[in-house]
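Hello,

Here is the structure we talked about handing over. Please open it beside this email and read the notes with it.

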Amino acid sequence: MYCLTVSSLNEIPWNELRARAVHASTTSYSPYSNVRVGAAGYTTDGRIVEGANVENASYGLTLCAECSLVSDLIRQGGGRLAGVAVVAGDHQPIAPCGRCRQLLFEHGGNGLLIDAGEGLDAKHLHELLPDAFGPEDLGTRKDR
């Protein structure tokens, strides 16, 4: 497990996350699209988790890098995500798809920061996924 010590969640190590996401992209399994994607996330307790896309001949079964990242989060004991960087094989940021935005919401919430690239302000997940549906909604939405 890789840990960083910071004094505040405002000190998310974006450069480190970008570098880790670039490295993760090199482990991608992407023989169909030839688009390697890597992701790195920073947890509220200072850990870094990583993921890479894993494609499948049945395209709908493809796992995005963010899916792999959340799997790594759970494998390391869970927790909450504070910041996530996602890059394509060209090392530039790429926005999470809709499915991944929902997945990231479950493990980071509205306040999760999504990297927009060096020199740009990170976006809060609620900007990318307004009015998200989460676990807290399940109990209130059941049939009566």
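Predicted model: local features only at pLDDT ≥ 70, side-chain atom pairs only at ≥ 80, totals over all residues.

Residues are numbered from 1 along each chain as its sequence is written, and side-chain values use heavy atoms, with hydrogens and water left out.

There are 5 salt bridges in the structure (a side-chain nitrogen of Lys or Arg within 4 Å of a carboxyl oxygen of Asp or Glu). One of them joins R18 and D115, at 2.8 Å from N to O. R18 sits in helix α1 (residues 14–25) and D115 in the loop between β4 (113–114) and β5 (123–124), so this pair ties together parts 97 residues apart in sequence. Helices (H or I, at least four residues) and strands (E, at least two) are DSSP runs, numbered from the N terminus. Both R18 and D115 are buried (under 20% relative accessible area; exposed is over 50% and partly exposed in between, with a 1.4 Å probe and protein chains only).

D72 and R75 also form a salt bridge, with the closest N and O atoms 2.5 Å apart. Both lie in helix α2 (residues 65–75), 3 residues apart, about one turn of the helix. D72 counts as buried because its relative accessibility is 13%, whereas R75, at 63%, counts as exposed. E16, R20 and E50 are linked in a salt-bridge network.

The lining of the largest pocket has 9 nonpolar, 3 polar and 2 charged residues (nonpolar: Ala, Val, Leu, Ile, Met, Phe, Trp, Tyr, Cys and Pro; charged: Asp, Glu, Lys and Arg; polar: the others, Gly among them).

Regards
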